[in-house]
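Welcome! Please take a moment to look over the sequence and the 3D view before reading on.

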Amino acid sequence: MPKALAVEPARFRRKGQLDLKPIPLHQYDRPLATERQRRGDAALKAVLRHMLVVREFEAMLGSFKAKGSYQDIAFAYRGPAHLSIGQEGAAVGQALALTPGDHIFGSHRSHGEFIAKGLSAIAQLSAHDLGTIMEGHRGGALLHSVERHLAAPTVPALAENFLLLGLLAEIFMRDNGFNRGMGGSMHAFFPPFGIYPNNAIVGASAGIATGAALRKKLAGEATIAVANGGDGSTGCGPVFEAMNFAAMAQYDTLWTDQNKGGLPVLYFFSNNFYAMGGQTIGETMGWDRLSRIGAAINPQGMHAETVDGTNPLAVADAVQCQRARLLAGEGPALLDVECYRSAGHSTTDANVYRSREEIAAWEVFDPIASYAAKLVAEGVLGDSDVQALRDEVASLMAAVTRAAIDPKISPMIDIAADPTLIGRLMFANAEIATPTGTVPLLAQPETSARIRQDAKKARFGVGADGTKLSPMRAITLRDGLFEAILHHMTRDERLIAYGEECREWGGAFGVYRGLSDILPYQRLFNSPISEAAIVATAVGHGLEGGRALIELMYGDFIGRAGDEIFNQMAKWHAMSGGVLKLPVVLRCSVGSKYGAQHSQDWTALVAHIPGLKVVYPATPYDAKGLLASALSSEDPVIVFESQRLYDTVEQFHAGGVPADYYRIPLGEPDIKRDGDDVTILTIGPSLYAGVAAAGEMASAYGVSAEVIDARSLVPFNYDPLIASVKKTGRLAIVSEASERGSFAMTLAANLTRFAFSSLKAPPRVIGTPNWIVPGAEMETSYFPQADDIVAIVMGEMFAEKNVNRRGLRNWDDRELARKAL
């Protein structure tokens with residue numbers, strides 16, 4: 001633990017009590033006349049108009065889902081429609097208090113927040129800036145379409161049409177949608193207006209917005225991030241992980257002066273009292289007011305407040321106050337914005353979980369009707385003015401809708417003509433230049449004891465006499481990883497590294513050892529034991545232009561961050577139509593000796609998910625070069641590292657591990673031993689068993705095996721494998737993952753297709769049995785050993801040699817496979 005923070009017995013054994021901070025409830029009581037003086041009539045009218053635009057937009061979607069038509073426009077919309085009718089005051093009030101540089105992150109019910117934030121940004125940006133933004137989006141194609149078909153007398157009015165058509169076309173999955181139709185209703189966004197991704201996973205924006213706030217803080221921006229969610233999301237663990245991450249005390253106690261203070265993130269809960277059909281208060285939650293949960297996070301209770309979400313001015317006042325706190329370094333903050341969803345959860349919702357009387361009682365507090373009545377009573381508008389606004393908005397929405405469904409204006413995505421379009425959007429397949437900048441450091445690298453020690457080591461792990469050097473005398477795989485990290489961390493200030501025990505401990509397995517002497521806390525820090533928050537914050541940090549190197553102590557902990565890895569890190573590049581980049585590297589160690597929950601090879605699990613690149617280096621040379629490429633990539637990369645290999649020295653690359661910086665392209669398998677009779681493809685640490693087996697087969701049976709190290713799983717270039725199999729005619733694939741559903745099985749299936757005419761025998765996968773991983777004493781009977789490889793290859797592929805041999809895996813593989821054991 002940080003030596004600067006002493007744990008004093010006298011402090012923690014003192015008798016006393018904790019007093020919780022009072023939580024304000026519905027404190028806003030400013031007269032409309034005062035607001036009129038503060039904001040002016042035009043601004044108050046705009047608030048009403050913005051709520052009307054949100055309401056009409058969603059009424060249009062609801063009408064299409066219910067009746068197949070809106071006004072006189074017929075259209076069969078087949079996608080989802082999670083409407084926020086009744087919550088317009090919350091969305092518009094929030095946006096009223098934000099600047100274009102403040103970024104919102106939404107939920108599956110965020111049409112209103114999207115539109116409100118966009119309209120607010122348009123109102124604040126100059127005509128020149130609006131023109132630049134619209135012209136810069138996809139070469140101005142959407143703008144030019146709007147100019148032809150939705151012309152407007154002013155640039156802001158044109159920008160409103162641009163906003164609405166871009167969103168609606170996205171919802172209708174049209175090519176001119178903001179995200180090329182790849183996001184749709186629940187994933188739409190437009191960063192130039194401060195609208196970052198909506199999210200179909202409940203509560204998922206909490207961690208991403210927290211990471212965005214982290215990037216804003218480190219970049220010195222005077223703006224905030226807003227995590228939008230519903231009351232139901234407070235039942236999600238990742239939401240609490242995110243709030244705790246945002247409130248970590250180290251921001252004040254350990255970070256350098258210019259970076260002190262909590263993260264500038266506002267958790268904005270649109271509390272409509274229902275999580276789908278479950279009622280949060282009194283049924284599915286323990287709290288009686290959502291704002292109570294702030295008390296569990298920090299002594300300030302996250303400055304939590306319950307606000308009247310039906311009054312947009314009350315919401316704006318609360319957001320404005322919280323924003324000021326956040327910019328002063330007092331974050332994070334929480335708002336419980338009570339409102340009422342008068343529409344169903346979705347268009348198939350029959351409202352069987354609430355009474356007609358309850359719905360009717362809330363109609364009195366409809367945000368549009370009540371706010372319009374106040375404006376009329378104050379003399380800001382007349383009844384006829386309100387009606388004129390309604391008519392103008394309805395006319396506008398009809399025009400936008402016609403443009404969105406017209407294939408000549410908003411063309412369908414022609415997958416038949418371009419069948420690999422989505423595939424090309426999966427990865428950016430781009431790299432940054434080699435970092436060469438200078439960054440603030442605590443000390444120069446050459447002062448580090450570890451770096452001085454490594455400088456004395458041999459770069460190649462085999463001595464002149466042919467003996468293998470000890471890890472004390474030669475660069476190890478751990479050292480290779482460190483050198484790649486050191487180069488990037490000391491030259492690219494955008495890159496931060498964090499995870500469990502990453503600082504003083506040096507990482508659980510010593511990869512970061514020595515970095516804490518060089519890097520300030522804000523560049524390398526310990527995170528909570530919150531795997532979901534670790535990954536989600538890295539995603540948010542990356543979306544905002546930062547770069548992140550994060551670590552999960554064991555690959556087995558991937559399950560604790562499943563959504564964040566599989567649905568967030570993997571998908572946002574494609575769902576953005578290729579706009580957003582995710583430069584995140586996730587390091588995971590594959591355990592040894594620790595048994596069933598700490599020693600699993602889950603490479604197949606992540607390789608199965610489209611949008612993730614996956615590498616598994618087995619040598620120091622490969623580890624340094626592959627990690628350098630991963631850290632340079634604009635795509636998310638997961639790096640698996642075997643704990644058994646951290647002390648392995650370089651035995652294959654003749655020049656050893658270069659001291660200088662270098663990269664190895666992802667996706668290229670490497671021949672570690674030439675051969676002519678059988679190809680042995682290995683994944684991860686099985687390389688060493690494969691090489692040992694090849695040596696024994698050559699000396700004992702005269703069989704020449706070519707050993708190829710996969711190095712990468714995604715991407716994977718099959719050409720070297722095909723060439724090898726054409727030469728040898730036989731293929732064994734060795735992995736320490738469970739055989740069933742493993743990536744080795746995928747490789748075997750594909751090689752059977754790609755090289756079928758060259759095969760003299762079926763490819764053979766040699767993995768681990770589909771059982772739990774046993775403890776240290778039984779590992780050699782579980783993971784493939786050289787004896788197992790020799791026995792299987794000789795017995796099944798060279799039967800004519802009559803080699804009667806069995807390895808430690810003394811069971812009938814065919815019988816186990818037949819029973820799916």
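The report below walks through domains, cores, backbone details and charged pairs.

## Starting point: a predicted model in three domains

Before anything else, keep in mind that this is a predicted model. The chain is divided into three parts: domain 1 covers 32-116 + 170-406, domain 2 covers 445-645, and domain 3 covers 670-818. Notice that domain 1 is written as two stretches of the chain.

## Where domain 2 meets domain 3

Let us visit the interface of domain 2 and domain 3. The C-alpha centres of these two domains are 28 Å apart. In the contact region, 23 residues of domain 2 touch 25 residues of domain 3. Together the two domains bury an area of about 1,900 Å² between them, and carbon and sulfur atoms give 60% of that area. On the domain 2 side, Asp601, Tyr616 and Arg644 lose the most area to domain 3, and together they make up 24% of what that side buries.

Polar and charged groups take part here too. Ten residue pairs are in polar contact across the interface of domain 2 and domain 3, and three salt bridges are counted between the two domains. Which elements of domain 2 give two or more residues to the side that touches domain 3? They are helix H23 (603-607), strand E14 (613-615) and helix H24 (620-632).

One more salt bridge to find in the viewer joins Lys672 and Asp622. The closest N and O atoms of Lys672 and Asp622 are 2.9 Å apart.

## Nonpolar cores

In soluble globular proteins, nonpolar side chains tend to be buried together. The largest nonpolar core in this model has 96 residues. Which of its members touch the most other members? They are Tyr267 and Ile565.

Leaving aside neighbours within four places in sequence, Ile565 is in contact with Val535, Leu552, Ile558, Ala570, Leu586, Leu612 and Ile638. Apart from this core lies another one, of 88 residues, and among them are Met51, Phe114, Leu143 and Val386.

Gly331 and Pro332 are joined by a cis peptide bond, with omega about 0°. Pro332 sits in the loop between helix H13 (312-327) and strand E9 (333-338). The bond from Val714 to Pro715 is also cis, with omega near -5°, and Pro715 belongs to the loop between strand E19 (712-714) and helix H26 (719-728).

Arg138 has a phi near 50° and lies in the loop between helix H6 (127-136) and helix H7 (141-149). Is Arg138 buried or partly exposed? Arg138 counts as partly exposed because its relative accessibility is 36%. Glu501 has a positive phi of about 60°, and its place is in the loop between strand E10 (495-499) and strand E11 (524-526). With 27% relative accessibility, Glu501 is partly exposed.

## Charged pairs

Side chains of opposite charge can pair when their charged atoms come close. How many salt bridges does the structure hold? The count is 38. One of the pairs is Asp41 with Arg36, at 2.6 Å from N to O. Asp41 is partly exposed at 26% relative accessibility, and Arg36 is partly exposed at 26% as well.

Glu88 and Arg55 form a salt bridge at 2.5 Å, N to O. This pair links distant parts of the chain, with Glu88 in helix H4 (residues 88-96) and Arg55 in helix H3 (residues 41-67), 33 residues apart. Glu88 is buried, with a relative accessible area of 1%. Arg55 has a relative accessible area of 19%, so Arg55 counts as buried too, the cut-off being under 20%.

Asp479 and Lys457 also meet in a salt bridge, at 2.8 Å from N to O. Asp479 lies in helix H19 (residues 477-489) and Lys457 in the loop between helix H18 (449-455) and H19, so the pair ties together parts that are 22 residues apart in sequence. Asp479 is buried at 3% relative accessible area, and Lys457 is buried at 15%. Finally, look for a network of salt bridges that links Arg30, Glu35, Arg38, Arg39 and Asp317.

Notes: Residues numbered from 1 in each chain as written. Predicted model: local features only at pLDDT ≥ 70, side-chain atom pairs only at ≥ 80, totals over all residues. Heavy atoms only, no water. Core = buried A, V, L, I, M, F, W, Y, C linked by side-chain atoms within 4.5 Å. Buried < 20%, exposed > 50% of the residue type's maximum accessible area, 1.4 Å probe, protein only. Contact = heavy atoms within 4.5 Å. Domains from an automatic or database assignment. Buried area = accessible area lost by both parts, 1.4 Å probe. Salt bridge = Lys/Arg side-chain N within 4 Å of Asp/Glu carboxyl O. Polar contact = N/O pair within 3.5 Å; in protein donor to acceptor, adjacent residues only side chain to side chain. Helix = DSSP H or I, 4+ residues; strand = E, 2+ residues; numbered from the N terminus.
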